[in-house]
Amino acid sequence: MKKLIPAALLALALVVGAGVYLSTGASAAPASTFVLLDGTKKSTEDLKGKVTLVNFWATSCVTCVAEMPQVIATYDKYKDRGYDTLAVAMSYDPPAYVVNYAETRKLPFKVAIDNTGAVAQAWGDVKLTPTTYVVNKRGEIVKRYVGEPDFAELHKLIEKLLAEA
């Protein structure tokens, strides 16, 4: 019983925190530097001007692997309209696995490896995968999904954001 009380308090804190987070509206995406598989770097500033899906994932995450075809399909559907995707592999994911996954699945978007965990930390201390953020053209986070997104809802949100000036 004593073990359940801290877990219950943690769960309550997460629910309250999520409620506060989701009710506050858009907030600026945290300043981050993403190191891509090809060794180049992309910053949060580079996200501005496009609607971007930032997806924290791992090759060992069953849900991440299961949702990836829909992430690819979403990218393919909207990429010509000012939409981008950035997949950020977690620090515990072996780089060779990430490279192999990206190459064998022919991921059409940029893939970064968060070697130090600093990016996940900056984006709200991401621990659970998949965790996905939708960033508007102004570089503001407008939605966070923990777990697989409802892709129909996600597409409606993307279309709304793409229509904004």
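How many helices and strands does the protein have? In this predicted model, the answer is five helices and eight strands. If you walk along the sequence, they come in the pattern α-β-β-β-β-α-β-α-β-α-β-β-α.

Let's begin with the sheet. Six of the strands make an open sheet in the order E1-E8-E7-E4-E5-E6, and the pairing is mixed. E1 and strand E6 (110-113) are found at the edges; each has a single partner strand, so one side of each is left without a neighbour in the sheet.

Helix H2 (residues 62-78) lies across E4, strand E5 (83-89) and E7, and runs at about 155° to E5. Helix H5 (residues 151-163) lies across E4, E5, E7 and E8, running at about 175° to E8.

Next come the aromatic side chains. A pair of aromatic rings is described by the distance of the centres and the angle of the planes. With rings counted as a pair when their centres lie within 6.5 Å, the model has seven aromatic pairs. One of them is Phe 34 with Trp 123, a tilted pair at 6.2 Å centre to centre and 55° between the planes. This pair links distant parts of the chain: Phe 34 belongs to strand E2 (residues 33-35), while Trp 123 is in the loop between helix H4 (118-122) and strand E7 (131-135), 89 residues apart. Is Phe 34 buried or exposed? Its relative accessibility is 1%, so Phe 34 counts as buried. Trp 123 is buried too, with a relative accessible area of 2%.

Trp 123 has a further ring partner in Tyr 133: the two form an edge-to-face pair, 5.1 Å centre to centre with 65° between the planes. Because Trp 123 lies in the loop between H4 and E7 and Tyr 133 in strand E7, the pair ties together parts that are 10 residues apart in sequence. Tyr 133 counts as buried, since its relative accessibility is 2%. Taken together, Phe 34, Phe 56, Trp 123 and Tyr 133 make up one aromatic cluster.

Another ring to look at is that of Tyr 145: the charged end of Lys 143 sits over this ring, 5.3 Å from its centre.

Finally, step back to the whole protein. Of its 165 residues, 41% are buried. Among contacts with a separation of 6 or more, 70% are between residues 24 or more positions apart. The accessible surface comes to about 8900 Å², and 60% of this belongs to carbon and sulfur atoms.

Conventions: Residues numbered from 1 in each chain as written. Predicted model: local features only at pLDDT ≥ 70, side-chain atom pairs only at ≥ 80, totals over all residues. Heavy atoms only, no water. Phe/Tyr/Trp six-rings, centres within 6.5 Å; stacked < 30°, edge-to-face > 60°. Helix = DSSP H or I, 4+ residues; strand = E, 2+ residues; numbered from the N terminus. Buried < 20%, exposed > 50% of the residue type's maximum accessible area, 1.4 Å probe, protein only. Lys NZ or Arg CZ within 6 Å of the ring centre and 35° of its normal. Contact = heavy atoms within 4.5 Å. Areas by Shrake-Rupley, 256 points an atom, 1.4 Å probe, with all protein chains shown as cover. Pairing = 2+ DSSP bridges. Axes fitted to C-alpha atoms, helices over the stretch in contact; angles between N-to-C directions.
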